[in-house]
Amino acid sequence: MVTAVHDDMFTPNVIADPYGYYGRLRDEDPVHWNDNYALWVITRHDDVTWLTRHHELFSSAVFKNDPRPAYPDIDESDLGLYEYVRHYQGDQFIQHDRPVHLDMRRIMHGYFTPKAMESWRPFVVSAVKELLDAAEEKGSMDVMRDLATPLPVLVIAQMMGVPAQDRPYVRELAEKLLYIGRGEYDRMPILTDGMKGMLEYVSPLVDERIVKPGDDFISVLAGGEKKGVFTRHQVLVNTSLLLLAGHETTINLLCNGTLAFMQHRDQWELFKEDPAGRAKWATEECLRYDAPVKSIQRLASQDLEMRDKVMHKEDRIRWFISSANRDPNVFADPDRLTSRGSQTRTSPLATGFTIASGRPWRASRARKCSRLWPSASRDCRSRLKSSNINPASPSGR
Amino acid sequence: MARKLRVRVDHATCVGNAMCEAIAPKVFRLNENRQSEAVDPDGDTVEKILEAAESCPVSAIFVEDAETGEQLFP
């Protein structure tokens, strides 16, 4: 089926409103071959669910095995840097398939269970309170600059066991790693600078913690090196993964979730009536409405057919969580933030086998934020008229 | 004498992560929808089953004492 929808996914219009663009694709051509970027675009909830649960058909070893160039385009003189990025990213555990993926995951998964994440509640609550108190004192805030961006690094630096004096540096590295998800032509130098910085900074910490483990995340990975599951390089790039993944997605959720509530004031009023009781709903619904990660890529492990389309081995396939979450076949009134009762949801960060380890952590962190948000921000918010709001730009990745 | 357990996976929540199957493969098996099912609650130790339940990132596994009904997890 041919569609009239164009294939340029990185235009400002599509970045500003992905839901209109991918919604049209979902209606007209749900398994769509995008000629510009040589990839399959999957947008229906049932198809995304099916894909994520059939991991043996869709390889995660994308950076390692995708023969095609980076997209959007990069400066030709940065091709060597892109090879560096491929090697760095490709060695992370999320870029490995079974059975190796499982061995790697079992080293780490205990750190991220819902129960383990619950133990972080006091620390996260105090970090959120500190940031909101500072904003309240100022009398106004930029959610992205004053809450969403500093909060995850505070928590992750603690998880990594980073000494206090190094935290500003780690925050700098985190900002550079964010370039993995950006579209600038010249993004490679900043990104690889951040990556090299990570390797240099973390390696001595691993040396220490192989010998003298603590209860931090780097010690967990160092234990994996000692067991022979991870190479040193894998320990380092997985630490980097924690920093980036926790940083970027939390910023996105907090900013876009706040924006969503600003755009749906009736829901905000409902939420304020019972923040503790409705924090879980608020978080889950924001994850659905404007997912922090918009899409995920795989490579087909073999030839296969989907809705009468033939996919070939090594074809790029990108599934759009953002679009699946707005599928009217699954969600009533999908393009509004609403209370939903007990409707089935797609897991908004990933589903299936390779669900992001960090899902309980990010979700619980957002819940903690959202619990404090209404009361702590009462005075700030009363001053925020629409003209004064600095909305975060929606994530375009 | 080992406790007898009732083990249930909530299919409205289960996303097919399959850590449970990896930890206690005699107890948990993915069905044709690739969601986990507790096919044999006696297939492993109580500790292993609780470890599997705890490992579920979406808290879809419920464990109770089959005799007393006492909820053991979550």
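1. A:N34 stands opposite A:L39 in β2(A). Strand β1 (residues 31–34) and strand β2 (residues 39–42) of chain A run antiparallel and are joined by 4 bridges. Strands pair if DSSP finds at least two bridges between them. Helices (H or I, at least four residues) and strands (E, at least two) are DSSP runs, numbered from the N terminus. The hairpin of β1(A) and β2(A) has 4 residues between the strands, and A:A38 takes a positive phi near 50 degrees there.

2. Basis of the note. This is a predicted model: local features need pLDDT of at least 70, side-chain atom pairs count only at pLDDT 80 or more, and totals for chains, interfaces and linings use all residues. Residues are numbered from 1 along each chain as its sequence is written, while chains are lettered from A and ligands numbered from 1 in the order in which they are written.

3. The chain A sheet. It is open, has 5 strands in the order β1-β2-β7-β4-β3, and its pairing is mixed. The edge strands are β1 and β3 (58–59) of chain A, each pairing on one side only. β2(A) pairs with strand β7 (residues 316–320) of chain A in the parallel sense, over 4 bridges. A:V41 has A:R318 as its bridge partner in β7(A).

4. A helix on that sheet. Helix α3 (residues 45–53) of chain A lies across β1, β2, β3 and β7 of chain A, at about 120 degrees to β2(A). Axes are lines fitted to C-alpha atoms, for helices over the stretch in contact, and angles run from 0 to 180 degrees between N-to-C directions. Contact between two residues requires C-beta atoms, placed from the backbone, within 7 Å.

5. The chain B sheet. This open sheet has 3 strands, ordered β1-β4-β5, with antiparallel pairing. Its edge strands are β1 (5–9) and β5 (71–73) of chain B. The twist averages 30 degrees from one strand to the next. β1(B) and strand β4 (residues 61–65) of chain B are joined by 5 bridges, and B:R6 stands opposite B:E64. Helix α2 (residues 46–55) of chain B lies across β1, β4 and β5 of chain B, running at about 150 degrees to β4(B).

6. Helix packing in chain A. The axes of α8 (residues 121–138) and α10 (residues 150–160) come within 10 Å and cross at roughly 145 degrees. The residues of this contact divide into 9 nonpolar, 1 polar and no charged. Here Ala, Val, Leu, Ile, Met, Phe, Trp, Tyr, Cys and Pro count as nonpolar, Asp, Glu, Lys and Arg as charged, and the others, Gly among them, as polar.

7. Helix α14 (residues 232–263) of chain A. At 1.5 Å a residue, its 32 residues should span 46 Å, and the end C-alpha atoms are 46 Å apart, which agrees. The expected span is 1.5 Å times one less than the number of residues. Of the 32 residues, 27 are buried, so α14(A) is largely enclosed by the rest of the structure. Buried means 20 or more other C-beta atoms within 10 Å of a residue's own, exposed 12 or fewer, partly exposed in between, with C-beta atoms placed from the backbone.

8. Backbone points to check. A cis peptide bond joins A:Y71 and A:P72, with omega about -5 degrees. The bond from A:R98 to A:P99 is cis too, omega near 0 degrees. A:R307 is not a glycine, yet has a positive phi of about 45 degrees; A:R307 is exposed. B:S59, also not a glycine, has a positive phi of about 55 degrees and is partly exposed, with 16 other C-beta atoms within 10 Å.
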